[in-house]
Amino acid sequence: MLRSLFFGVAFAALFTGPAAADPLLDEARSLFKPLPATAPVIKDNPATPEKVDLGRMLFFEPRLSSSHLFSCNSCHNVATGGVDGLETSIGHGWAAGPRNAPTVLNAVNNVAQFWDGRAKDLKTQAKGPIQAAVEMNSTPDRVLQVLTSMPEYKGLFAKAFPGEKDPVSFDNVAKAIEVFEATLITPDSPFDRFLAGDAKAMTAQQKKGLALFMEKGCSACHNGINVGGQDYFPFGVMEKPGADVLPAGDKGRFQVTNTATDEYVFRSPTLRNVTLTAPYFHSGKVWDLREAVAVMGNVQLGTVLSEEEIDAITAFLGSLTGRQPRIEVPILPPSTPQTPRPVTQ
C-alpha cells in the first residue's frame, strides 16, 4: 500500500508541474531590481581600501568648510538615513539652502546628482557643496591649504593615490569621497528579499501596496534599482501643487538646461529608506509620508487615493528600508599652526 501511495503522489506531481507563478512578483521583477550587497565599481575611479578610508575621513572632515563647522555628513548624516532632517540644510553663517538635502544612501545608483541633475556623478557632486557660499563656503585652494598643513593627510593621500606627483589635489578629494559614498548602500530590505523570491519577506499589506504602486502608475517614475532616481519628470503632471509645496521661484532642471520644457522638472528621488528621510520633496515642505503619497496621487497621477490605498502604499514604502551602513566615525588629524583658521562670517 505504501508503494502504491508513493507512486500515486509521484504521478500526480509529474502532471501538476512546478508551483504556480506569482504574478505580483513577476510584474515587480519587470520594473525593479534588488540592491546588491557590494558597492558598485565606479568607472575611472577604482576603489581601494586606502582610498575608501581616506574618503570616509574627508566625508566627516569639518575643516573642508571655511568655518570648520560643516562636513558632508552635516547635511547627509549616515546616522539618520543619509539626510539632515531639515526642510532645507543650514550652512555657512546659518544660511538656509534653497532645497531639501537628498539622501546620500544609494546615491551612487542615481542617473545624476542633485534634484536638478547638474552633477553627472558623485565626484562632481562632492565639489559643489564645498564651494557653495550657503554651504561650506570654501575654495579648492583653501581646501588644499588645510589638508597639506597636516602631515597625516599628506601620507594618506600618497597611499590612496600612489605614483602621483601631487596626490593632494581637489580632484583627488572628490574621488576619495566618491568611492566612500559608493559604499553607502542599503541592501537586504524586505522588498529586496521579496524580489529574490522570499514570498514571506513582505506583509500582505505591503504586497497590496506594491500592487497599487504599480497599478496606479507610481512605478512610471519610481522604478529600477533605486525605486526612482533614474530620470527627470515635471512636478505637477496632472495638477500643479500649491506654492507651499512647489515654490514658484525654483524652476528645477530649467536652471541647468535653460529649456522651457524643463521648467519645474526634477530628478525623481529614490524611495529607498523613504521612511527615514522626512521631510519630503525638493522643498522639504511635507513632513508626513502618508501626506506625500496623497499629494503625489493628486498632482502626478490625477487621482484621489482612498485612505485605504494611502495606507497600503505607505506600508509598501516601509518595505524599502534596507540594512543601514555601519560606519565608524574616524579620528581626524589634529590641526597645526599652518592650518587656516576658521572663518565664521
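## Annotated spans

Between the end C-alpha atoms of residues 50-181 the distance is 14 Å, and this span is 42% helix and 0% strand, where helices (H or I, at least four residues) and strands (E, at least two) are DSSP runs numbered from the N terminus. The model is predicted, so that local features need pLDDT of at least 70 and side-chain atom pairs count only at pLDDT 80 or more, while totals for chains, interfaces and linings use all residues. Residues are numbered from 1 along each chain as its sequence is written, and side-chain values use heavy atoms, with hydrogens and water left out.

Residues 204-321 are 34% helix and 5% strand, with end C-alpha atoms 17 Å apart. An unreviewed UniProt entry lists residues 50-181 and 204-321 under "domain: Cytochrome c"; such annotations may be inferred rather than shown by experiment.

## Helix α6

In helix α6 (residues 140-148), R142, V143, V146 and L147 are buried (under 20% relative accessible area, 1.4 Å probe, protein chains only). These residues lie on the same side of α6 because they cover an arc of only 130° around the axis, taken from the directions from the helix axis to the C-beta atoms. The buried residues of α6 pack against α3 (49-59), α5 (122-131), α7 (151-160) and α8 (170-181), contact meaning heavy atoms within 4.5 Å.

Key. Buried < 20%, exposed > 50% of the residue type's maximum accessible area, 1.4 Å probe, protein only.
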